[in-house]
Amino acid sequence: MRNALALFCILLLLVSCNKEKSQSKVGNITQNQRQIAKWYLYRYDVANLSVDTITLYADKIEKAAANEPAAYQAMAAMLRGTAYGNSSSYELAFKNYEKGLQLAKKSKVDTLVAVGLLGVGNYYKNTGNFPKALDYFYKSLKIYEQINSKIGIAYAHAHIGEVFQQRNDIDAAIENLKIALKTLEHNKSNHIYLYAAHNLANVIGMSGDFKGALAIDEEGIRITDSLHSPRLKSTFLDNKAHCYMFTNRIDSAKYYFTECLKIDIASGNKKQIADSYSNLANLAMYQKDYPTAEDNIFKSINLLKQIKNRHNLAKSYDILADIYQSQGEFKKAFNAHKMFYDEWKLLIDEKKEAALAEYKIVYDTQKKEKQLAENKVLLLQNEADSKQKTTTIVMLSLLILFLGVVGVLIQRQQRFQSNQREQEFQLKTAISQIETQNKLQQQRLSISRDLHDNIGAQLTFIISSVDTVKYGFDVEYTKLGNRLDTISDFTKSTIIELRDTIWAMNNNEISFEDLRARIFNFIEKAKIAKEDIQFKFNIDDNLDDIKLSSIQGINIYRTIQEAVNNTIKYAKATEISIDVKRNNAKIEIEINDNGIGFDYKNTNGGNGLINMRKRIDDIGGKFTLESNKTGTKIAIEVPENYNID
């Protein structure tokens with residue numbers, strides 16, 4: 001009965017809202033169009049339908065809608081997006097929802113536009129891009145509020161609550177989820193109500209109220225059993241298992257996690273399967289069953305790599321690091337922590353944390369526009385004085401904040417350089433005193449972790465702080481904005497250099513094959529940054545068996561890196577070539593460009609040339625430079641076997 005009524009409503013809405021049709025065609029809905037709308041409605045029953053069933057209906061609706069108006073083509077694209085999302089194919093789901101959204105906008109049917117916004121937002125939520133997800137969800141919510149759609153309002157708030165939940169903003173998550181439940185309290189069998197209830201139980205459990213969470217879970221299980229929906233039931237079983245695990249009822253937790261895994265495998269949802277394996281890994285580690293924990297977490301990692309879910313993948317690497325650390329396998333633990341950091345760093349680069357608050361402010365501001373419009377006449381008289389005062393306060397605040405940030409950044413930069421020099425000295429001293437290879441590895445791991453966790457985190461905090469200044473305040477002055485960008489870019493470069501230092505520090509010796517990969521990666525990045533320069537990079541294959549000390553490896557890498565960077569900055573070259581070959585017992589490196597050259601004999605050379613020459617001297621090598629108007633050539637000779645005291 002509910003589906004029939006919904007079908008009637010959506011058809012009526014399509015007719016009334018399609019302003020491109022003439023009055024003579026209003027109400028003239030064909031049988032094919034009615035069938036398309038009926039199939040489209042199956043997307044709301046996705047919790048009870050298998051992946052194959054949804055895919056079958058998507059195939060049918062695409063054929064039927066091929067020659068229909070934009071609204072019906074939008075329905076077809078969105079049902080296809082639902083099918084892909086249901087099988088964790090998020091990229092394909094995104095493409096179809098994006099296509100459906102554009103068609104919906106063309107058709108001017110608000111309900112379809114809102115659904116398209118939710119679909120695209122759900123992709124960003126599933127792939128960890130929370131600021132973009134909130135942007136699309138709030139836009140969808142605004143449409144649903146304008147047309148007073150209770151189901152749409154509840155669905156949008158449920159998605160918003162889930163985003164805040166994943167960002168550990170418990171209060172905001174509970175607020176939005178409770179709005180969703182209250183909106184649909186008359187219709188608890190609706191899958192949107194159950195979706196919000198599951199997330200609310202999860203959030204309440206995260207806050208430590210296990211009794212309250214279990215009460216919601218029990219109600220959800222009763223409702224899903226009456227609906228014969230194992231996939232919806234699985235979400236409540238998962239919450240229940242966590243409550244039992246955190247209250248030390250291990251056998252019950254294992255039983256319910258295993259039940260969840262069975263349901264998830266049957267449904268084919270890779271994200272949910274990965275979550276279940278991750279939960280079982282946590283439980284096994286809690287029981288100190290480390291082989292089982294490691295096996296389960298690798299299953300989770302492999303699935304998350306397939307669906308490119310960076311947020312959950314970072315969590316799984318963190319769990320893997322804890323498993324290794326609990327067993328005393330510190331080298332493996334360090335590598336797992338590095339993979340966790342790499343995933344987390346990518347998320348930080350792609351998304352700005354300040355945007356989470358920004359989208360909420362935008363939504364709240366839009367909601368109050370109507371009320372502000374009614375008071376506009378009264379406020380106009382005071383607006384000029386208020387604006388002038390506000391501008392003055394903002395300018396002074398920004399100036400003070402800028403000076404403070406610059407001071408802190410300079411102080412931290414100096415402290416970082418001092419600490420780095422001190423730690424390098426300590427590392428050399430410690431290496432000479434270590435009696436066994438095992439102790440040497442443990443000492444390096446400890447120092448690398450300190451650099452990674454402390455200094456790396458501080459540098460990332462600096463980037464976040466600078467971005468907060470830019471996006472959290474209305475920076476109207478170009479010079480200030482440019483200065484903040486310069487600080488941010490410098491800090492990011494420092495992080496990259498820190499990671500290179502850690503790479504060298506964590507190896508007793510560096511193979512030339514590993515050095516080749518490092519240089520190649522740097523050149524590939526340079527190609528992206530400078531598309532107008534052609535790069536040539538050749539290394540003899542017979543160099544692969546050469547083993548370098550960590551100092552030799554990093555000095556050669558840094559010298560090549562500095563030479564290429566100098567050419568990019570100053571030479572105005574269109575070609576840069578790097579040739580590395582083996583000659584007797586020496587490694588010969590040539591770096592050539594066709595730039596404008598410079599008079600190096602009558603110049604001081606700058607810190608760059610001095611540093612390159614010193615790096616090669618430190619490893620017993622020879623550094624020569626030739627430059628004229630047709631280009632610059634740098635030749636480097638390094639002995640294969642050189643003992644560094």
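Q: How many aromatic pairs does the count come to in this predicted model?
A: A pair of aromatic rings is described by the distance of the centres and the angle of the planes. With ring centres required to lie within 6.5 Å, the count of aromatic pairs in this predicted model comes to nine.

Q: Is the aromatic pair of Phe94 and Tyr124 stacked or edge-to-face?
A: The ring centres of Phe94 and Tyr124 are 5.7 Å apart, with 65° between the planes. The pair links distant parts of the chain, since Phe94 belongs to helix H5 (residues 90-107) and Tyr124 to helix H6 (residues 110-126), 30 residues apart. Because planes over 60 degrees apart count in this way, the arrangement of Phe94 and Tyr124 is edge-to-face.

Q: Is Tyr136 buried or exposed?
A: Lys139 lies over the face of Tyr136, at 5.7 Å from the ring centre. The relative accessibility of Tyr136 is 17%, and because the limit is under 20%, Tyr136 counts as buried.

Q: Which residues do ring pairs link into a cluster with Phe94?
A: Phe94 and Tyr124 are both buried, and Tyr124 has a relative accessible area of 11%. Ring pairs link Phe94 into a cluster with Tyr123, Tyr124 and Tyr136.

Conventions:
Residues numbered from 1 in each chain as written. Predicted model: local features only at pLDDT ≥ 70, side-chain atom pairs only at ≥ 80, totals over all residues. Heavy atoms only, no water. Phe/Tyr/Trp six-rings, centres within 6.5 Å; stacked < 30°, edge-to-face > 60°. Helix = DSSP H or I, 4+ residues; strand = E, 2+ residues; numbered from the N terminus. Buried < 20%, exposed > 50% of the residue type's maximum accessible area, 1.4 Å probe, protein only. Lys NZ or Arg CZ within 6 Å of the ring centre and 35° of its normal.
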